[in-house]
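Me: I would like to go through this model and ask, term by term, what each label rests on. Please set the values against the cut-offs as you go.

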Amino acid sequence: SEEGASVEATGTVMAMCTKGFIMSDSVASIYVYTESKPTVAVGNKVTVKGTFANHYGTLQIATPEIVSNDNSTAKPTYPNPVDLTSQSAYDAYQTFDVNNPSTFPFVKIQGTLSKDRYITVGSSTKQSMFNYSVNDYSALNGAVLTTTAYIIGYHSTNKYYQLIEVSVE
């Protein structure tokens, strides 16, 4: 779709943050930007109307209206994650060309947590960040954790991937 176009999409809520959610169908995923805590839950099959936007490489539906929600709480089936648990794989991984955005990759990352939301993989010069997480990870600061998450963007100035997590161990 063209930026600014009215769109309607149906899919399953796969992951959530305090400002939106990822929904997927059998073809692709999209970020639904709600500006505040979403009124849906992971597993819900929803139909959303809104405005198609590209926010710094993040394809999204902005100003959404939930047209329908089946309120299912069945755990969604996630794709196999791209394994970025080694520093070499993490450093070599490239995604999110702002001028050529694509669907959101589902990844597995392992690293040390700092400042409640930043993950550093080994001595990498880039990090990952839980983007507006609905969870409080402050008790895990300094711990090595493994997360599966959707990458919804890359902050090229500060060099971090923006994540919406599905699991944290």
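Me: Which residue in E5 does Val48 stand opposite, and what makes E4 and E5 a pair?

Reply: In this predicted model, Val48 stands opposite Ile66 in E5. Two strands count as paired if at least two bridges are found between them, and E4 and E5 are joined in the antiparallel sense over nine bridges, so the label applies.

Me: How do you know that strand E1 pairs with E4, and which residue in E4 is the bridge partner of Thr12?

Reply: Strand E1, residues 6–17, and E4 run antiparallel with seven bridges between them, and at least two are needed for a pair. Within that pairing, the bridge partner of Thr12 in E4 is Lys45.

Me: Why is Gln60 called buried?

Reply: Gln60 has a relative accessible area of 7%, and because buried means under 20%, Gln60 falls in that class. Gln60 lies in strand E5, which covers residues 58–69.

Me: What is Gln60 in contact with, leaving aside its neighbours within four places in sequence?

Reply: The contacts of Gln60, with those neighbours set aside, are Ile30, Tyr31, Tyr33, Thr51, Phe52, Ala53 and His55; a contact requires heavy atoms within 4.5 Å. Ile30 is 30 residues away from Gln60 in sequence, yet their C-alpha atoms are 5.7 Å apart in space.

Me: Where else is phi positive, and what is the place of Glu35?

Reply: Glu35, likewise a residue other than glycine, has a phi near 70°, and its place is in the loop between strand E3 (29–33) and strand E4 (45–55). Lys115 takes a positive phi near 50° in the hairpin of E7 and E8, where three residues lie between the strands.

Me: Which strands does E7 pair with, and in which sense, parallel or antiparallel?

Reply: E7 pairs with strand E6 (residues 82–84) in the parallel sense over three bridges, and Leu84 has Ile109 in E7 as its bridge partner. Seven bridges join E7 to E10, and these two strands run antiparallel, with Ile109 opposite Thr147 in E10. E7 and strand E8 (residues 118–120) are also antiparallel, over three bridges, and Ser114 has Tyr118 in E8 as its partner. Each of these pairings reaches the threshold of at least two bridges.

Me: Which residues touch the most other members of the largest nonpolar core?

Reply: Of its 15 residues, Ile109, Ile119, Phe130 and Leu163 touch the most other members. The elements that give two or more residues to this core are strand E7 (106–114), strand E10 (144–155) and strand E11 (160–168). A second, separate core of 13 residues includes Met23, Val32, Val40 and Phe52.

Me: How do you know that Asn131 is buried, and what is it in contact with?

Reply: Asn131 has a relative accessible area of 6%, and because the limit for buried is under 20%, Asn131 qualifies. Asn131 is found in the loop between strand E9 (127–130) and E10. With neighbours within four places in sequence left aside, Asn131 is in contact with Cys17, Ile152, Gln162 and Leu163.

Me: What lines the second largest pocket?

Reply: The second largest pocket holds about 220 Å³ of space and is lined by 14 residues, of which Ser24, Asp25, Ser29, Pro79 and Tyr150 lie nearest its centre. By class, seven lining residues are nonpolar, six polar and one charged.

Note on methods:
Residues are numbered from 1 along each chain as its sequence is written. This is a predicted model: local features need pLDDT of at least 70, side-chain atom pairs count only at pLDDT 80 or more; totals for chains, interfaces and linings use all residues. Side-chain values use heavy atoms; hydrogens and water are left out. Helices (H or I, at least four residues) and strands (E, at least two) are DSSP runs, numbered from the N terminus. Buried means under 20% relative accessible area, exposed over 50%, partly exposed in between (1.4 Å probe, protein chains only). A nonpolar core is a set of buried Ala, Val, Leu, Ile, Met, Phe, Trp, Tyr and Cys residues joined through side-chain atoms within 4.5 Å. On a 1 Å grid over the protein atoms alone, a cavity is a set of points where a 1.4 Å probe fits but cannot get out, and a pocket is an open set with protein on both sides within 12 Å along at least five of seven lines; lining residues have an atom within 4 Å of a point. Grid points are joined across faces, edges and corners, and a volume is the space filled by probe spheres set on the points. Ala, Val, Leu, Ile, Met, Phe, Trp, Tyr, Cys and Pro count as nonpolar, Asp, Glu, Lys and Arg as charged, and the others, Gly among them, as polar.
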